[in-house]
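Take a moment with the sequence and the 3D view below.

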Amino acid sequence: MTIAEVSKKYDISADTLRYYERIGLLPPVPRNKSGIRDYDEASCRWIELMKCMRAAGVQIEALIEYVALFQQGDSTINARKEILMEQRDQLMERMADMQQSLDRLNHKIERYEQVLVQKEKELLRLQASGQ
(Lines give C-alpha, C1' and ligand atoms only; values in the text may rest on other atoms or scores of the structure.)
Protein backbone atom coordinates (compact mmCIF):
# COMPACT_ATOMS: atom_id res chain seq x y z
CA MET A 1 0.00 0.00 0.00
CA THR A 2 1.14 3.52 -0.65
CA ILE A 3 1.73 6.01 2.13
CA ALA A 4 -1.44 7.84 1.08
CA GLU A 5 -3.49 4.65 1.39
CA VAL A 6 -1.99 3.82 4.78
CA SER A 7 -2.49 7.39 5.93
CA LYS A 8 -6.16 7.24 5.05
CA LYS A 9 -6.70 3.72 6.43
CA TYR A 10 -5.17 4.49 9.84
CA ASP A 11 -6.05 8.20 10.00
CA ILE A 12 -2.40 9.18 10.43
CA SER A 13 -0.82 11.85 8.28
CA ALA A 14 1.85 10.85 5.80
CA ASP A 15 4.23 13.23 7.59
CA THR A 16 3.61 11.39 10.87
CA LEU A 17 4.24 8.03 9.21
CA ARG A 18 7.53 9.31 7.77
CA TYR A 19 8.46 10.77 11.16
CA TYR A 20 7.65 7.52 12.97
CA GLU A 21 9.89 5.63 10.56
CA ARG A 22 12.69 8.23 10.77
CA ILE A 23 12.87 8.13 14.59
CA GLY A 24 12.65 4.34 14.74
CA LEU A 25 9.09 4.05 16.00
CA LEU A 26 8.41 1.87 12.95
CA PRO A 27 10.88 -0.56 11.42
CA PRO A 28 12.01 0.50 7.94
CA VAL A 29 9.14 0.22 5.50
CA PRO A 30 9.79 -1.83 2.35
CA ARG A 31 10.18 0.17 -0.83
CA ASN A 32 9.33 -0.61 -4.41
CA LYS A 33 11.81 -0.47 -7.31
CA SER A 34 11.33 3.28 -7.55
CA GLY A 35 12.19 3.77 -3.87
CA ILE A 36 8.61 4.59 -2.88
CA ARG A 37 7.35 3.18 0.40
CA ASP A 38 5.26 0.07 -0.14
CA TYR A 39 3.60 -0.79 3.18
CA ASP A 40 3.12 -4.53 3.61
CA GLU A 41 1.06 -6.42 6.18
CA ALA A 42 3.88 -6.40 8.73
CA SER A 43 4.31 -2.64 8.38
CA CYS A 44 0.59 -2.14 8.89
CA ARG A 45 0.64 -4.29 12.03
CA TRP A 46 3.42 -2.09 13.41
CA ILE A 47 1.37 1.02 12.63
CA GLU A 48 -1.65 -0.48 14.41
CA LEU A 49 0.50 -1.32 17.44
CA MET A 50 2.08 2.12 17.59
CA LYS A 51 -1.25 3.87 17.14
CA CYS A 52 -2.74 1.80 19.97
CA MET A 53 0.24 2.34 22.26
CA ARG A 54 0.39 6.09 21.60
CA ALA A 55 -3.37 6.40 22.23
CA ALA A 56 -2.75 4.69 25.57
CA GLY A 57 -0.08 7.25 26.37
CA VAL A 58 2.89 4.92 26.08
CA GLN A 59 6.09 6.94 25.86
CA ILE A 60 7.68 7.29 22.44
CA GLU A 61 11.11 6.58 23.89
CA ALA A 62 9.94 3.22 25.26
CA LEU A 63 8.41 2.30 21.92
CA ILE A 64 11.55 3.27 20.01
CA GLU A 65 13.58 1.08 22.36
CA TYR A 66 11.08 -1.76 21.89
CA VAL A 67 11.33 -1.57 18.08
CA ALA A 68 15.14 -1.44 18.22
CA LEU A 69 15.22 -4.49 20.46
CA PHE A 70 12.75 -6.31 18.19
CA GLN A 71 15.03 -5.73 15.23
CA GLN A 72 17.91 -7.34 17.17
CA GLY A 73 16.07 -10.65 17.28
CA ASP A 74 14.98 -13.26 19.77
CA SER A 75 17.84 -12.62 22.18
CA THR A 76 15.95 -9.49 23.30
CA ILE A 77 12.62 -11.16 24.10
CA ASN A 78 12.98 -10.68 27.87
CA ALA A 79 14.00 -7.04 27.50
CA ARG A 80 11.02 -6.37 25.23
CA LYS A 81 8.68 -8.07 27.66
CA GLU A 82 10.10 -5.93 30.48
CA ILE A 83 9.41 -2.75 28.50
CA LEU A 84 5.83 -3.84 27.88
CA MET A 85 5.30 -4.73 31.54
CA GLU A 86 6.69 -1.36 32.70
CA GLN A 87 4.44 0.49 30.27
CA ARG A 88 1.46 -1.60 31.38
CA ASP A 89 2.16 -0.71 35.02
CA GLN A 90 2.39 2.99 34.14
CA LEU A 91 -0.85 2.77 32.17
CA MET A 92 -2.60 1.07 35.09
CA GLU A 93 -1.45 3.89 37.39
CA ARG A 94 -2.77 6.52 34.97
CA MET A 95 -6.06 4.62 34.71
CA ALA A 96 -6.37 4.54 38.51
CA ASP A 97 -5.69 8.29 38.63
CA MET A 98 -8.27 8.86 35.93
CA GLN A 99 -10.79 6.70 37.79
CA GLN A 100 -10.27 8.82 40.91
CA SER A 101 -10.83 11.96 38.85
CA LEU A 102 -13.96 10.46 37.31
CA ASP A 103 -15.27 9.45 40.73
CA ARG A 104 -14.69 12.97 42.03
CA LEU A 105 -16.44 14.52 39.03
CA ASN A 106 -19.39 12.17 39.41
CA HIS A 107 -19.63 13.11 43.10
CA LYS A 108 -19.61 16.83 42.24
CA ILE A 109 -22.29 16.31 39.58
CA GLU A 110 -24.43 14.37 42.08
CA ARG A 111 -24.12 17.26 44.53
CA TYR A 112 -25.30 19.70 41.87
CA GLU A 113 -28.19 17.41 41.00
CA GLN A 114 -29.18 17.22 44.68
CA VAL A 115 -29.12 21.02 44.92
CA LEU A 116 -31.21 21.33 41.76
CA VAL A 117 -33.76 18.81 43.03
CA GLN A 118 -33.96 20.71 46.31
CA LYS A 119 -34.44 24.02 44.46
CA GLU A 120 -37.19 22.48 42.32
CA LYS A 121 -38.97 21.23 45.44
CA GLU A 122 -38.76 24.69 46.98
CA LEU A 123 -40.21 26.24 43.80
CA LEU A 124 -43.05 23.72 43.73
CA ARG A 125 -43.76 24.36 47.41
CA LEU A 126 -43.84 28.14 46.78
CA GLN A 127 -46.14 27.68 43.79
CA ALA A 128 -48.45 25.44 45.78
CA SER A 129 -48.67 27.95 48.61
CA GLY A 130 -49.52 30.69 46.13
CA GLN A 131 -46.43 32.84 46.51
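With which residue does Glu 41 form a salt bridge, and how far apart are the closest N and O atoms? The partner is Arg 45, and those two atoms lie 3.1 Å apart. A salt bridge here is a side-chain nitrogen of Lys or Arg within 4 Å of a carboxyl oxygen of Asp or Glu.

**About the model**

This is a predicted model: local features need pLDDT of at least 70, side-chain atom pairs count only at pLDDT 80 or more, and totals for chains, interfaces and linings use all residues. Residues are numbered from 1 along each chain as its sequence is written, and side-chain values use heavy atoms, with hydrogens and water left out.

**Salt bridges**

A search of the whole structure turns up four salt bridges. The table lists some of them.

| Asp 15 | Arg 18 | 2.9 Å |

Start with the pair in helix α2. Helices are DSSP runs of H or I with at least four residues, numbered from the N terminus. Asp 15 and Arg 18 are three residues apart in α2, so about one helical turn separates them. Asp 15 is exposed, at 58% relative accessibility. Arg 18 is partly exposed, with a relative accessible area of 32%. The cut-offs are simple: buried means under 20% relative accessible area, exposed means over 50%, and partly exposed is in between (1.4 Å probe, protein chains only).

Now return to the opening pair. Glu 41 and Arg 45 both belong to helix α3 (residues 41–55). They are four residues apart, so they too are separated by about one helical turn. Glu 41 is exposed at 60% relative accessibility. Arg 45 is partly exposed, at 47%.

Asp 89 is partly exposed, with a relative accessible area of 39%. Arg 88 is partly exposed as well, at 46%.

**A buried charge**

Arg 80 is in helix α5 (residues 77–129). Leaving aside neighbours within four places in sequence, Arg 80 is in contact (heavy atoms within 4.5 Å) with Tyr 66, Leu 69, Phe 70, Gly 73 and Asp 74.

**Two crossing helices**

Two packed helices are described by the angle and the distance between their axes. Take helix α1 (residues 3–10) and helix α2 (residues 14–23): their axes come within 9 Å and cross at roughly 105°. The axes are lines fitted to C-alpha atoms, for helices over the stretch in contact, and angles run from 0 to 180 degrees between N-to-C directions. Helices α1 and α2 are therefore roughly perpendicular (65 to 115 degrees) to each other. From α1, the contact uses Ile 3, Val 6 and Ser 7. From α2, it uses Ala 14, Leu 17 and Arg 18.

The loop between α1 and α2 holds Asp 11. The phi angle of Asp 11 is near 55°, a positive value in a residue other than glycine. Asp 11 is exposed, at 68% relative accessibility.

**Two more residues**

Is Ser 43 buried or exposed? Ser 43 is buried, at 9% relative accessibility. This residue is found in helix α3. Beyond neighbours within four places in sequence, Ser 43 is in contact with Val 29 and Pro 30.

Gln 71 sits in helix α4 (residues 60–72). Gln 71 is partly exposed, with a relative accessible area of 46%. Not counting residues up to four places away in sequence, Gln 71 touches Pro 27 and Pro 28. The C-alpha atoms of Gln 71 and Gln 90 are separated by 24 Å, and the two residues are 19 residues apart along the chain.

Conventions:
Helix = DSSP H or I, 4+ residues; strand = E, 2+ residues; numbered from the N terminus. Parallel < 35°, antiparallel > 145°, perpendicular 65-115°, else oblique.
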